[in-house]
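Student: Please take me through the packing, the sheet and the charged pairs of the structure shown here.

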Amino acid sequence: MSMWKKKVLPLMMTVPVTMGLAGCAQTDAEVFAAPYEKGEQTIELQFWTSAVEEVNQALVDQFNETKGAELNIHVNAEYQGDYWEMQQKVNAAAIAGTLPNVFVDEVAMTKGFADNDIIVNLEPYIKATDFDRSDFQIGDLGNLYVGEDLYAFPHMRSVPVMYVNKTLAAKAGLDANGPATFAELEAYLQAAHDATGEPPMYLFNYDFWVMEALLHSYSGTTVVNAEETESNINSAGAVKLITFIEELESKGLVKVLGVTDSDAFYAAIAKPSTALIFASIGGYKTFAGMAQQSGLELGVSMIPTGDDGKRGVPVGGSNTYLANTGSDQEKAAAFEFMKWLSDTEQAAYASANTGYLPTRLSSLDTDLMKETIAAFPGYQVASDQLEFSKMRPMTGAYHEIEDLMGGRINEIWLENLNIQESLDKLAEEVNVILNR
C-alpha cells in the first residue's frame, strides 16, 4: 500500500519542474546506437525505481545473477519514491548532470522527458539489435511513442476497474458483477444503501486517472483537445458527469473524499457497507487481501458504459526510460537490461506479484500467469478491458494540470459550488498552462 499513500502529499506539492528545461525530442538519425559487446570490465548501471520497490529489486537481483553475470553488466537499483517524486528528481538530475542510466516513471511523462532531452530515442537501438516489439500488449501504445518513434518500454501497466463487494451484492440481491451501465449505477447504489444505511461508494479523486475513465465512458469526453492546446473540462460532457456525481453525493450514495483522505479510502475498501469502488487494477491483490481479512469477497468488473454503450479507460502505470547519459557502451548495456526487464518471464513475474497487467501477450501463456489468473480472475477482466483503452494526455505539464483539476473538482463537490461557472474558470487555468 505504500505506493498509494506516498503518492498523495507529493502530488499536492507538485511544481512545474519541466519549466526550467526546454528542447525537443531527438530524431533517430541524431542517436548513435550499436549492439552491446561484452568487455573485460563489468559495466555498472544505476536504475532508479518507483512505485513497487520490492518487486523491482527482486527483478534486478534476478538480472544480476543471470543475464547480467553473463554479459558483465551489474545493475544497482535505487528506489526514489512515487511517480511524482521521481519526476522531480529526474528533472533535477538532468540539470545537475547526475541522471541514472535507466529509470521508471509514469506513462504520461514520455513526451515531457523526450522534449527535454532527458531520455533517448530507442528506434536506433531497436534497429541495431533487431528487437521485436510486436509482443507488447498494453492496449493503446501511444504513451510509448513521441511522433513515430518509440521512447519507452512498458513496465507495470494498469487500467482503472470497478471493484465490487460480492458479499454485499449477495446480501442485497444485487448483480455480483456490479452495474453494467452508468444508467444502472444509481439504482444499484440505492439498493446497497438501503441494505446498510451507509454510503455504498467512495470516490477518491487523488489524481485524474480514474476521472479520465469516467469522462471517456460516461460522456465520451477527453480532458484536452487532440492538439493538447485547449481544455475540455468545461464541455457539456464534463459538466454532465460532474453533475451526475454531485447528485449521487447529495443523495448519500457516493462519499467524495479529499485528496489527502487516503486513510479513509483504504479503510473503505474493506468496509462491509462499501458496494463499489473505482480504482487501479494495480492494487488488485492488495485490495483483495484487505477485503478477505474483513470476510468479504472482492470482484473486479469493467468500468460501466455510458448512454451510447461506449467505454474508455486510460492505460496508466509505468514505463522504463533509457536516460540520455553515459558512454555509448553504457547506453547499449542499459538497453540490454531494458530488453531483459520487459521480456516474457519478467513481465509475468511483475504482474503476478503486484496486480499490474502483463505487458507482453506471451506472458499470458506462462504457467505463472495461468495460475495467477485462475486464482485472481480480475486480471482477465482488466486485460479484456484493454480493448477500450485510451492514451493519456502527453503534454509535459499534464501532472500539474491533473493536480489542479482534481483539487478544483473536489471543491465543487465538497463546497457545493456552481458547476458550470467553476469548470469555466478551471478551463481557463488549464489553458494558461497548456499554452505558456
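Tutor: Contact is taken to mean heavy atoms within 4.5 Å. The model is predicted, so local features need pLDDT of at least 70 and side-chain atom pairs count only at pLDDT 80 or more, while totals for chains, interfaces and linings use all residues. Residues are numbered from 1 along each chain as its sequence is written, and side-chain values use heavy atoms, with hydrogens and water left out.

Student: Which residues touch the most other members of the largest nonpolar core?

Tutor: A nonpolar core is a set of buried Ala, Val, Leu, Ile, Met, Phe, Trp, Tyr and Cys residues joined through side-chain atoms within 4.5 Å. Buried means under 20% relative accessible area, exposed over 50%, and partly exposed in between (1.4 Å probe, protein chains only). Ile233 touches residues including Phe208, Val223, Met405 and Leu426, leaving aside residues up to four places away in sequence. Among the 85 residues of the largest core, the members with the most such neighbours are Leu214 and Ile233.

Student: What is the strand order of the open sheet of 5 strands?

Tutor: Strands (E, at least two residues) and helices (H or I, at least four) are DSSP runs numbered from the N terminus, and two strands pair if DSSP finds at least two bridges between them. The edge strands, each pairing on one side only, are S9 (255–257) and S11 (298–301). Strand S8 (residues 201–204) pairs with strand S10 (residues 276–280) in the parallel sense over 2 bridges, with Met201 opposite Leu276. The pairing in the sheet is mixed, and the order is S9-S8-S10-S7-S11.

Student: How many residues apart in sequence are the parts that Lys251 and Glu186 tie together?

Tutor: A salt bridge is a side-chain nitrogen of Lys or Arg within 4 Å of a carboxyl oxygen of Asp or Glu; Lys251 and Glu186 form one at 2.7 Å, N to O. Lys251 is partly exposed at 43% relative accessibility, and Glu186 is partly exposed at 28%. Lys251 lies in the loop between helix H10 (236–250) and S9, and Glu186 in helix H8, so the parts tied together are 65 residues apart.

Student: Are Lys339 and Glu336 buried or exposed?

Tutor: The side chains of Lys339 and Glu336 form a salt bridge at 3.2 Å, N to O. In helix H13 (residues 328–341) they are 3 residues apart, which means a separation of about one helical turn. Both Lys339 and Glu336 are buried.
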